[in-house]
Amino acid sequence: MAYSVEAQNRADISSLCAKIDDAIANSQQYVAQREANIAMERRNLKMAHDTQQKFNNSFRLYELYRPFVSDSAIYFLKECVNYARQLGDPSEVLRCQSLYALRCSNIGMYDEALCVLDSLKPTPGMDSLALGTYYEAYNNVYSELSYYTRLPDMKDYYLAKAQHYEQLMLNYLPADNDACLMRRELALLNAQRLDESMKVNDEWKATVEEGSHPYAFMALYRYLEFKARRDTTQMMYWLVESVQADIKNAVMDQGSMWELANELMLQGDIDRASRYISYTSDCANRYGSRQRNWQIAPLLSSIAKSYKEQSERTTSQLRYTIAAISVLALLLLGALFWVRRRNKQLAAARNALKSSNDELAAANRQLASQTDELSGLNGQLSSLNTQLSSLNAQLTESNRVKEEYIGRFMSLCSQYIDKLDNYRKMVHKKVKNKDFDDLYQTTKSTQLKEKELEELYENFDTVFLHLFPNFIDEFNALLQPEMQVHPKEENRLNTDIRIFALIRLGFEDSSKIAEFLHYSVNTIYNYRARIKNGYTGNREQFEQKVKELGSIK
């Protein structure tokens with residue numbers, strides 16, 4: 001059950017990541033749309049006649065560039081500051097300069113952010129939105145400094161500052177402001193007040209449009225909510241929602257994609273993690289954020305290390321596989337060489353026998369013309385002919401046995417070569433598809449060896465019973481009734497009979513029989529001794545009797 005749940009989770013993650021892959025494939029269209037919106041707003045700015053209109057157009061350009069290109073966003077914020085000064089609106093000057101400082105801290109320019117903020121002098125009569133933004137910028141820069149500093153004393157100092165300005169920000173900004181909702185939720189989440197933090201996220205979710213850039217922020221924090229609850233399914237769903245919203249809005253400053261790549265790497269999906277972190281790294285470079293590159297760098301290093309380890313494991317497995325295939329190929333070549341040599345020996349034996357028969361026939365013709373004085377010699381020759389006929393019959397039988405087995409052996413060699421090639425293709429395909437887990441399980445299993453041994457024994461039994469169809473009955477006739485051996489399957493031999501079938505074919509050495517049947521020499525010796533004890537006659541003559549059994553049809 002645990003395995004099936006894990007497999008289902010992987011399938012769910014794969015289907016979610018397929019959506020990300022589609023979005024990345026179409027990302028250039030989303031970028032082109034944002035660039036078209038920027039181009040249109042730039043034309044509007046050029047055609048603007050009064051300062052207020054120029055301020056409005058510049059601020060809209062800032063908002064379009066804010067998640068897209070940081071330098072351009074900062075440039076248009078500076079323009080907004082100039083136009084606000086021309087309009088004589090101190091609140092807008094404060095708000096735009098605070099946003100400028102906020103942009104600086106978001107891309108890692110903390111000194112610059114503090115210099116801008118320390119130079120501002122807000123007055124109580126200013127607009128609450130401007131004051132709230134001013135305190136938000138201070139809160140953001142001190143929160144970032146608290147997170148990244150390695151000095152405990154400075155961390156406490158920065159954290160106290162951040163909390164002070166956060167409270168001031170919450171006092172001035174509207175309760176439904178995204179920055180306020182985010183900080184309220186994060187504070188409750190850090191305090192492990194999960195039910196309350198989820199209510200804040202639900203409240204935030206109701207204020208944002210699905211698929212928008214603010215929706216991506218909300219979805220990222222909703223991912224953190226379910227991560228704290230260890231709900232993997234919901235956690236990954238909302239993280240993917242955030243990533244999709246970022247891509248479709250052509251957002252270049254992508255925190256959620258970095259988080260997704262990290263999650264996938266922890267789950268062992270190195271390929272996807274590498275693709276996603278490379279994509280978000282390219283986006284971060286286009287955006288111009290030092291901070292995001294700092295975050296990405298350790299993950300890139302971890303992925304590179306994982307790739308190296310995976311490559312080393314794959315190389316080692318391939319070496320073992322190639323070595324095994326090479327050994328099998330050498331064995332096959334050796335077998336073919338041996339068969340060819342035996343064929344030559346058999347051909348020489350046939351020629352010698354034919355020559356002997358021709359000479360014997362000539363001798364018989366000469367003997368036929370002789371008188372009764374050669375009767376004694378004829379008797380001797382008749383005895384020799386009988387012996388030669390017996391030897392010829394034995395040689396014919398041996399030739400038939402060898403021809404049958406050699407034909408079957410050549411067929412098996414051809415089949416094994418095809419099987420080896422199919423196995424090579426399967427290994428090549430899995431390596432090419434990086435399916436290393438499946439390849440490892442395949443090469444680890446002994447099922448292939450067991451199947452091939454079973455097929456070898458089945459071929460041996462079929463050929464042997466084809467050559468000696470009455471062997472089992474004649475073999476049992478030599479044994480006492482209680483010691484007789486009857487195979488469970490028709491047209492198949494069991495181990496007892498298979499040992500003596502090999503003896504019938506001339507294999508007398510127990511080590512050779514053990515090698516063929518994949519048993520120990522002691523085991524073969526015990527089988528032979530036990531069957532001999534059941535012989536009705538002298539047990540020392542039993543194996544000679546077995547060699548005389550059977551007739552070839």
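Guide: Helix α4, residues 70-87, has 18 residues and reaches 26 Å from first to last C-alpha, close to the 26 Å expected at 1.5 Å a residue. Expected span here is 1.5 Å times one less than the number of residues, and helices are DSSP runs (H or I, at least four residues) numbered from the N terminus. This is a predicted model: local features need pLDDT of at least 70 and side-chain atom pairs pLDDT 80 or more, while totals for chains, interfaces and linings use all residues. Residues are numbered from 1 along each chain as its sequence is written, and side-chain values use heavy atoms, without hydrogens or water.

Visitor: Which residues of α4 are buried?

Guide: Among them are Ile-74, Phe-76, Leu-77, Cys-80 and Tyr-83. Buried means under 20% relative accessible area and exposed over 50%, with partly exposed in between (1.4 Å probe, protein chains only).

Visitor: And what covers them?

Guide: The cover includes α2 (27-47), α3 (51-65), α5 (90-106) and α14 (270-287).

Visitor: What follows α4?

Guide: Gly-88, with a positive phi near 70°.

Visitor: Let's hop to Asn-57. Where does it lie, and is it buried or exposed?

Guide: Asn-57 lies in helix α3. It counts as buried because its relative accessibility is 2%. Beyond residues up to four places away in sequence, Asn-57 touches Glu-41, Asn-44, Leu-45 and Ala-48; contact means heavy atoms within 4.5 Å.

Visitor: Now α8. Which of its residues are buried?

Guide: Tyr-158, Ala-162, Tyr-165 and Met-169 are buried there. They cover an arc of only 75° around the axis, so they sit on the same side of α8; the arc is taken from the directions from the helix axis to the C-beta atoms. These buried residues pack against α7 (128-148) and α9 (178-190).

Visitor: What's on the face turned away from that side?

Guide: The exposed residues Pro-152, Asp-153, Asp-156 and Asn-171.

Visitor: How many residues are in the largest nonpolar core?

Guide: It has 92 residues, and Tyr-142 and Leu-260 have the most contacts inside it. The largest share, nine residues, comes from α7. A nonpolar core is a set of buried Ala, Val, Leu, Ile, Met, Phe, Trp, Tyr and Cys residues joined through side-chain atoms within 4.5 Å.

Visitor: What is Leu-260 in contact with?

Guide: Setting aside neighbours within four places in sequence, Leu-260 contacts Ile-20, Met-236, Leu-239, Val-243 and Tyr-276. There is also a second, separate core of 30 residues, including Leu-465, Ile-472, Phe-542 and Val-546.

Note on methods: Helices (H or I, at least four residues) and strands (E, at least two) are DSSP runs, numbered from the N terminus.
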